[in-house]
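Student: I would like a close look at a single part of this chain, with enough of the surroundings to judge how it sits. Could you take me through one residue and then through the elements around the rest of the chain?

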Amino acid sequence: QMQQMQQMQQMQQMQQLQQMQQMQPGMMFVQVPVMMVPVFVPHSSEQQFVQQALQSPNGRSGADSVSTAVPSPRSSDDEAGSPSKCVRPKSKGGSPTGSSRMEHLAQSLSLVACKSFGGERNDQIRSNILQNATADVELLWPDLDSRVKGSQNVRAFMLNFFDSVPDLQMSVNTITEDGSTHGMLEYTISGTASKLAMPMFPVGKWVQWKITSRYEFDHSSKVRVHQIRLGFVPGAPATAANFEGLSQCASMLASTQGGSRLLQEAIEMDGASAKSKALLMEPMVGNIWEMSLSPHGNHVVQKLIMNLFPQEVQFVVDAFRGRVVEAAQNQMQSRVLERLLEYCAPSQTAVLADEALRQAPMLLRHSFGNFVMQAVLEHGLPEHKTWLVGNICSDVDRLARHKIASNSVRKALTTSGPADQDALIRALKADAQSFASLCKHKTGSFVARELKQLTKKMGQ
């Protein structure tokens with residue numbers, strides 16, 4: 001009967017998934033056990049992850065399959081399938097910390113982690129949810145834009161996770177209560193996934209994460225909302241397994257604020273190997289244009305450019321070829337172009353600068369495009385700088401008075417070579433009456449001030 005119910009539930013979920021896809025054809029919906037997640041069109045590795053996780057409602061390969069425990073390399077004395085270890089939260093004095101309600105949640109969490117794989121844990125999870133959570137409890141994972149609603153679905157989610165990591169170890173670090181309706185637990189969780197069922201836990205690889213759980217309680221002190229966030233364990237080196245786990249859902253993470261920050265932290269890690277960072281980049285290669293349009297994803301792309309060798313981010317340059325003018329007028333993508341011009345070799349980005357300069361008169365006046373023009377003036381090839389300065393000189397009187405374009409005129413005065421600076425000075429001072437008017441203009445006066453400082457420095 002349980003198998004029949006699971007099959008019916010799976011069919012209903014698939015029908016719901018298809019309906020949602022038909023309603024929003026521009027968005028791809030994927031399902032990680034009991035979660036529906038709108039994401040970028042994922043890389044093939046992410047598609048494989050989702051497809052395997054969808055083979056049955058609880059993430060197993062079949063209704064009668066039996067999971068084989070994978071021993072943890074950090075706990076060689078444990079046998080596969082043996083009860084997991086846990087550390088209960090303690091204060092400096094050796095007694096539990098925090099309020100009684102949060103202590104109870106922490107102890108319940110540790111108790112579930114200590115239970116053996118099988119029915120005993122199932123009963124414990126059911127009991128904990130009934131005692132500690134409301135019937136319509138919500139489990140939120142903002143980093144993956146995911147939500148699980150209802151005590152039955154939350155129980156299924158938790159069972160699926162605990163079953164997939166038989167050697168689970170859990171250590172509650174801090175307990176905090178904020179008033180009567182909110183609380184927070186921070187704990188370290190580690191183990192080896194024996195099956196593909198949970199994002200960030202690669203199969204057969206021991207991995208550890210820091211989890212921050214934030215709780216919202218109702219008037220009877222039952223959990224109404226449980227929000228979880230994953231992060232790197234402070235003070236512990238990130239392993240290849242951490243990066244592999246992130247790569248399984250990199251496109252999803254890049255679309256959220258918390259997920260984007262986690263990816264940026266991974267990219268900036270000094271101790272991470274080049275191989276680990278390459279693994280993290282792999283699912284992003286085909287999604288760079290979409291990621292650069294995202295208010296969160298564009299920061300991930302910028303961090304890649306800033307922290308990797310120029311030759312390693314050639315795929316980002318390639319993604320913008322033929323679309324530079326369009327990107328320069330976008331708030332997010334213009335930032336990515338700036339980083340490319342700033343951190344890559346001028347010869348590598350010459351093709352991008354060529355495209356931008358074809359529309360220089362328009363981009364100089366554009367609220368976002370002008371920053372790309374300034375980046376060309378500062379980091380472009382000498383011939384690109386000279387060409388752009390000549391373009392500015394041809395209409396310098398109006399550009400110097402323009403509230404946006406005047407910024408590029410000032411940048412040209414401060415970053416150009418001697419010959420180009422001299423050409424700008426002559427163009428600005430060509431008409432004494434016009435220059436006198438410029439000095440009194442509310443925008444042009446800043447250009448005039450920059451020119452005076454430059455001429456004083458040059459001794460003219």
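Tutor: What follows starts with the confidence of the model, turns to one residue in a strand, and then takes up a hairpin and a helix. This is a predicted model, with a mean pLDDT of 79 for the chain and 72% of the residues at 70 or more. Over residues 23–45 pLDDT stays under 50, and it also stays under 50 over residues 47–98. Where pLDDT is low, the predicted coordinates should not be read in detail.

The residue to look at is Leu 139, which is found in strand β4, residues 133–141. Leu 139 counts as buried because its relative accessible area is 7%, under the 20% cut-off. Leaving aside residues up to four places away in sequence, Leu 139 touches Ser 146, Arg 147, Val 148, Val 154, Phe 157, His 226 and Ile 228. Leu 139 and Ser 213, which are 74 residues apart in sequence, lie 10.0 Å apart in space from C-alpha to C-alpha.

Elsewhere, strands β6 (residues 169–178) and β7 (residues 182–192) pair in the antiparallel sense over nine bridges, and Asp 178 stands opposite His 182 in β7. These two strands, β6 and β7, form a hairpin with three residues between them, and Gly 179 in the turn has a positive phi of about 75 degrees.

Helix α15, residues 346–357, has twelve residues, yet its end C-alpha atoms are only 14 Å apart, short of the 16 Å that a straight helix would reach. Its buried residues include Leu 352, Ala 353 and Leu 357, and among the elements covering the buried residues of α15 are α12, α14 and α18.

Methods:
Residues are numbered from 1 along each chain as its sequence is written. This is a predicted model: local features need pLDDT of at least 70, side-chain atom pairs count only at pLDDT 80 or more; totals for chains, interfaces and linings use all residues. Side-chain values use heavy atoms; hydrogens and water are left out. pLDDT is the predictor's confidence in each residue, from 0 to 100. Contact means heavy atoms within 4.5 Å. Two strands pair if DSSP finds at least two bridges between them. Helices (H or I, at least four residues) and strands (E, at least two) are DSSP runs, numbered from the N terminus. The expected span of a helix is 1.5 Å times one less than its number of residues. Buried means under 20% relative accessible area, exposed over 50%, partly exposed in between (1.4 Å probe, protein chains only).
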